[in-house]
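Look at the model first, then read on.

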Amino acid sequence: MTTHYDAVIVGGGFAGVRSLWETRQLGLSARVLEAGTSVGGTWYWNRYPGARTDSEAWTYCFSFDDKLCQEWNWTERFPGQPEVEAYFNHAVDSLDLRKDIQFTTRVNGCTYDEASNTWTVSTTDGETFTCRYLISATGLLHLALKPPFPGLDSFRGEWMMTAKWPKEPVDFAGKKVVLIGTGATGVQLIPVVARDAAQLTVLQRTPNYVVPTRNHALEPNHLAEIKRNYDKIWAQTDVQVFAFAMDAANRMSTDVPKDQWNQVFDAGWEAGGFRFLFETFDDLLVNTEVNEAAAEYVRNKIRAIVKDPATADLLCPTYYYGGKRPPMGTHYYESFNRENVKLVSVANNAITDVTETGVRLADGTVHEADVIVFALGFDAMTGALAQMNVRGTDGRTLQEKWNPEPATFMGITVDGYPNFFMLSGPQSPFANIPVVIDKSVKFIGGAIRKAQSVGADVIEPTAEAASAYNEHCKMLLDFNTIIKSGTSQHSWFLGANVEGKSQSAVYFYFGGAAGFFGELNGVMEKDFEGLSFSKHADKAVV
Ligand code: NA7
């Protein structure tokens with residue numbers, strides 16, 4: 001049986017819920033198809049102990065509904081996964097959205113039919129849907145990298161992936177645990193496992209610069225102040241480079257004598273989280289000299305915290321600060337002072353396989369384990385889209401069209417894929433995601449509204465606009481010495497963490513969130529220049 005909706009939205013996280021609300025405003029019938037059993041997206045799947053936001057709660061939420069902002073009481077500056085998941089459930093119920101969300105439904109095919117101007121969406125359960133508008137809301141970090149190590153089947157203990165963490169609590173008490181991966185996920189999980197496990201062996205390939213989160217409870221007065229100031233908060237997110245509610249530092253490194261730079265870094269280190277990056281020097285990510293000073297500052301913190309000099313050395317990165325996505329931690333470095341925690345570098349002694357009893361390295365050492373935890377990261381930006389097998393007018397899938405490089409218009413639309421819209425698609429920015437999604441959904445809503453008003457039913461970017469945007473994204477990356485350096489550090493910003501993934505492609509818009517919002521506004525102000533609106537019945541361009 002095939003059911004028709006005006007819009008099908010794939011994914012029930014921030015992007016899916018926000019899009020569903022938008023379709024309601026547009027008067028469209030819509031269905032969200034979500035693989036999980038509940039809402040939350042990232043915050044549904046990544047339920048490993050210690051999972052929490054790295055963005056401050058009051059900006060990591062839905063901004064479109066002030067009632068929601070006012071009625072939800074965040075309890076912490078950086079809420080944990082259970083609280084964010086509870087927030088999602090509250091949001092969809094408060095906005096009466098749940099009835100349009102279908103759970104336990106994984107999409108594995110989306111095909112555009114030019115003759116009828118419809119998309120057919122199929123699921124792994126054999127259901128099909130047709131729709132006019134198809135919105136992918138699958139998240140930029142959804143397709144988790146599976147352990148590539150031979151022998152895993154023979155392992156006699158338990159193993160798990162952080163991105164598919166079981167709903168039942170995992171008991172580490174008294175167990176030997178081997179944990180692989182020290183990205184943002186591993187950094188959150190390690191201190192929690194360290195507390196419970198008999199022995200924790202961390203296998204690290206590339207060290208990261210970890211700044212303390214300085215998480216704290218939100219006192220009633222602070223929460224009340226936040227609620228009173230939401231207009232100001234959203235105005236700040238409009239213009240801040242990462243869409244956070246922070247003011248620019250208004251300080252360049254040249255404004256401060258070099259021998260006082262560390263005092264500025266001290267303030268950032270105490271403020272915690274991304275404030276270290278965004279409230280110290282506004283040129284931190286573009287000026288390599290002050291960047292190296294920040295890097296050395298963090299390295300000195302590591303050397304001061306970690307008692308064993310050899311372990312401290314292994315934890316010290318040598319690349320640019322921000323060359324990889326910097327994680328935020330709570331007692332991360334302190335964990336390596338525990339007697340039951342051992343750090344092993346696999347940078348030059350790679351993991352070769354998993355044995356019946358543990359994880360083997362190239363030199364033959366086996367690290368014994370009752371439990372192996374894999375926190376290996378994601379095939380960012382294109383991975384989840386590839387799973388949907390999206391086929392456009394010429395029958396090609398997106399991954400075929402995008403071989404060797406994706407080209408999109410505004411990270412939202414693709415030429416040859418009419419009425420298809422992406423959220424957190426390739427060439428959109430990496431920034432405070434709910435805010436980026438909100439702006440992107442407004443753009444999509446605006447385009448559909450224009451189509452409605454001019455009687456068009458086919459929206460598609462021109463090939464020229466997509467090509468120009470791709471060139472623009474390339475140029476932005478070319479200017480970014482620090483981000484570009486991540487290729488040698490397996491950075492997922494560049495697709496360098498996935499074997500065989502194209503390195504010539506540009507996966508993100510690196511002009512900052514505010515720059516991206518400015519570009520979206522620019523397109524809208526020019527009546528969606530770059531998008532064509534036509535009537536399928538007569539193909540007349542409006
Ligand atoms: P990340 O940041 O991609 O981290 C993955 C980690 O796994 C990282 O330390 C990798 O080392 C490590 N890894 C991956 N494959 C291997 C192999 N084969 N051997 C050893 N180590 C390996 O993913 P996260 O889930 O931590 O964070 C993703 C984002 O989610 C995060 O930035 C937030 O935005 C939310 P590497 O650094 O590649 O050498």
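In this predicted model, five strands build an open sheet, ordered β7-β16-β8-β9-β12, with parallel pairing. Two strands pair if DSSP finds at least two bridges between them. Strands (E, at least two residues) and helices (H or I, at least four residues) are DSSP runs, numbered from the N terminus. At the edges sit β7 (158-161) and β12 (341-345), each pairing on one side only. On average, neighbouring strands of the sheet are turned by 15° against each other, direction ignored.

Residues are numbered from 1 along each chain as its sequence is written. Because the model is predicted, local features need pLDDT of at least 70 and side-chain atom pairs count only at pLDDT 80 or more, while totals for chains, interfaces and linings use all residues; side-chain values use heavy atoms, without hydrogens and water.

Strands β8 and β16 pair in the parallel sense over four bridges. Ile180 has Phe374 as its bridge partner in β16. Helix α5 packs on the sheet and touches β8, β9, β12 and β16. Its direction makes about 170° with that of β8. Axes are lines fitted to C-alpha atoms, for helices over the stretch in contact (heavy atoms within 4.5 Å). Angles run from 0 to 180 degrees between N-to-C directions.

| Element | Residues |
|---|---|
| Strand β8 | 176-180 |
| Strand β16 | 371-374 |
| Helix α5 | 184-196 |

Now to a loop. Thr280 lies between α9 (275-278) and α10 (288-305). Thr280 counts as buried because its relative accessibility is 0%; buried means under 20% relative accessible area (1.4 Å probe, protein chains only). Beyond its neighbours within four places in sequence, Thr280 is in contact with residues including Ala249, Val264 and Arg275.

Terms used
Buried < 20%, exposed > 50% of the residue type's maximum accessible area, 1.4 Å probe, protein only.
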